[in-house]
Amino acid sequence: MSGMEGDKYRSYLHGEGELNTNWRYGGPPNYDIVNKLFEDERTKVWPPGSLEEKVQNLVKSWEMEIFHKASLEDFKTIDVNKYTFSLNGRKGLTMMEIKKLGGGYNPQLQTSLPQELRCYDPEKETDESSHKAFVTAFPRGFAFEVLKVYTGPPEIVLKFRHWGYNEGPFKGHAPTGDLVEFYGVAIYQVDEDMKIGRVEFFYERGELLGGLLKGAAIESSAMEAASSCPILRNTG
């Protein structure tokens, strides 16, 4: 995968190919802080050039583009005309349907819970409000690692771990400083150029949200002060 300039794990972030990229938060994101978290606490160190390393970097590059690139024509990890994203066996969402849902973390946090029981409601969050909520909750970012690759291209099946530390408020709850992590399985359908045409995620969203709701309830004014000016592009 080309374009891996300035970041050891993500392609299509810097370099000549990104000179005209329309970045959602004004410029390319900086992953230095979350890269340190990843390197300090990962449980697997894959050999350079291995299938596991290539898959892990592909997923990190895909996540970067999904969260930070504003224009479909700037996406290089996915085939935007074929791409669908599915969570826990739901019908796959096209790029247009993802945009309608609000983007950000909303596709990964779809739920069938009644609205009155939703601590995080993807139907009410925008791309920016969603991103802001999690950037605030995880100031050091939310690290990702591949634990195992079961099958390689064209249908990549992998087990993953996502983790971070709840060091900022979330949805009216004070930070605890505790580790928040979850495990899951993902399927990536890729073509001969390693462009992604389909993603399926399987994980328990409660493992993420439950860890962010342990803190005591806080006043809305304190919550707003804590999250008023996060640097949205310096994220994991």
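Q: At 35% relative accessibility, does N88 count as buried, exposed or partly exposed?
A: This is a predicted model, numbered from 1 along each chain as its sequence is written; local features need pLDDT of at least 70, side-chain atom pairs count only at pLDDT 80 or more, and totals for chains, interfaces and linings use all residues. Side-chain values use heavy atoms, leaving out hydrogens and water. Buried means under 20% relative accessible area, exposed over 50%, and partly exposed in between (1.4 Å probe, protein chains only). At 35%, N88 is therefore partly exposed.

Q: Where does N88 lie?
A: N88 is not a glycine, yet its phi is positive, at about 50 degrees. Strands here are DSSP runs of E, at least two residues long, and helices are runs of H or I, at least four; both are numbered from the N terminus. N88 lies in the loop between β1 and β2.

Q: What is the relative accessible area of Y12?
A: Y12 also has a positive phi, about 60 degrees, although it is not a glycine. The residue lies in the segment before α1 (32-41). Y12 is buried, with a relative accessible area of 15%.

Q: Which strands stand at the edges of the sheet?
A: Six strands form an open sheet with mixed pairing, in the order β2-β1-β6-β5-β4-β3. Two strands pair if DSSP finds at least two bridges between them. Two of the strands have a single partner each, so one side of each is left without a neighbour in the sheet. These edge strands are β2 (93-94) and β3 (143-151).

Q: What angle does the direction of α2 make with that of β3?
A: α2 packs on the sheet, touching β1 (84-87), β3, β4, β5 and β6. Contact means heavy atoms within 4.5 Å; axes are lines fitted to C-alpha atoms, for helices over the stretch in contact, with angles running from 0 to 180 degrees between N-to-C directions. The directions of α2 and β3 make about 130 degrees.

Q: How many bridges join β4 to β5?
A: β4 (residues 155-165) and β5 (residues 179-190) run antiparallel. I156 stands opposite Y188 in β5, and R161 has Y183 as its bridge partner. The bridges joining β4 to β5 number 11.

Q: Which residue takes a positive phi in the hairpin of β5 and β6?
A: Seven bridges join β5 to β6 (residues 196-203), and these strands run antiparallel. Q189 pairs with R198, and V185 stands opposite F202. The hairpin has five residues between the strands, and the one with phi near 65 degrees is M194.

Q: Which residue in β6 stands opposite T84?
A: Four bridges join β1 to β6, and these two strands run parallel. β6 is mostly covered, with six of its eight residues buried. Opposite T84 stands R198.

Q: Which residues are included in the second, separate core?
A: In the largest core, W62 is among the residues touching the most other members. Beyond four places in sequence, its contacts include Y83, F85, Y188 and F201. The second core has 12 residues, including Y9, L37, W163 and Y165.

Q: How much space lies in the largest pocket?
A: On a 1 Å grid over the protein atoms alone, a cavity is a set of points where a 1.4 Å probe fits but cannot get out; a pocket is an open set with protein on both sides within 12 Å along at least five of seven lines, and lining residues have an atom within 4 Å of a point. Grid points are joined across faces, edges and corners, and a volume is the space filled by probe spheres set on the points. Of the 19 residues lining the largest pocket, R24, M95, I98, K99 and D127 lie nearest its centre. The space in this pocket is about 340 Å³.

Q: Which element supplies the largest share of the lining of the largest cavity?
A: The structure holds one cavity of 30 Å³ or more, and about 250 Å³ of space lies in the largest. Its lining has 21 residues, with E63, F67, Y105, F142 and H162 nearest the centre. Five residues, the largest share, come from α2.

Definitions and conventions
A nonpolar core is a set of buried Ala, Val, Leu, Ile, Met, Phe, Trp, Tyr and Cys residues joined through side-chain atoms within 4.5 Å.
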